[in-house]
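Here is a short briefing for a first look at this chain.

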Amino acid sequence: MVKNSFISVISQEEKKENSGSVEFQVVSFTNKIRRLTLHLELHRKDYLSQRGLRKILGKRQRLLSYLSKKNKVHYKELISRLDIRESKTR
């Protein structure tokens with residue numbers, strides 16, 4: 001398993017400057033989600049990790065909905081770079 005394969009989406013300079021930005025938080029949550037998904041493929045009955053995964057998914061979903069309301073262009077770019085599905089609108 002390669003841990004830092006998805007971190008290269010944001011450069012190191014941006015990482016130091018904008019660690020609190022919405023885009024950076026979405027990227028870090030996506031990395032955690034992918035790592036937990038790999039873990040849960042091996043350990044199917046790890047219910048605490050499943051709960052943590054659901055919490056992180058909710059946080060990422062809220063951040064993505066905030067970003068889509070504030071800046072649609074950045075939202076579309078981030079979705080395409082991370083290769084994740086667009087959130088459903090109600």
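This is a predicted model: local features need pLDDT of at least 70, side-chain atom pairs count only at pLDDT 80 or more; totals for chains, interfaces and linings use all residues.

- The H2–H3 contact (heavy atoms within 4.5 Å) includes Val26, Phe29 and Ile33 of H2, and Leu53, Ile56 and Leu64 of H3.

**Nonpolar core**

- The largest nonpolar core has 17 residues. Such a core joins buried Ala, Val, Leu, Ile, Met, Phe, Trp, Tyr and Cys residues through side-chain atoms within 4.5 Å.
- Val26, Leu64, Leu78 and Leu82 have the most contacts inside this core.
- H2 (22–42), H3 (47–70) and H4 (72–82) each supply at least two of the core residues. The largest share, 7 residues, comes from H2.
- Beyond its neighbours within four places in sequence, Leu78 touches Glu23, Val26, Val27, Leu64 and Leu67.

**Whole chain**

- The chain has 4 helices and 0 strands, taken from DSSP runs (H or I, at least four residues; E, at least two).
- Of its 90 residues, 28% are buried, meaning under 20% relative accessible area with a 1.4 Å probe.

**Basis**

- Residues are numbered from 1 along each chain as its sequence is written, and side-chain values use heavy atoms, without hydrogens and water.
- Local features need pLDDT of at least 70 and side-chain atom pairs 80 or more, while totals for chains, interfaces and linings use all residues.

Notes: Buried means under 20% relative accessible area, exposed over 50%, partly exposed in between (1.4 Å probe, protein chains only).
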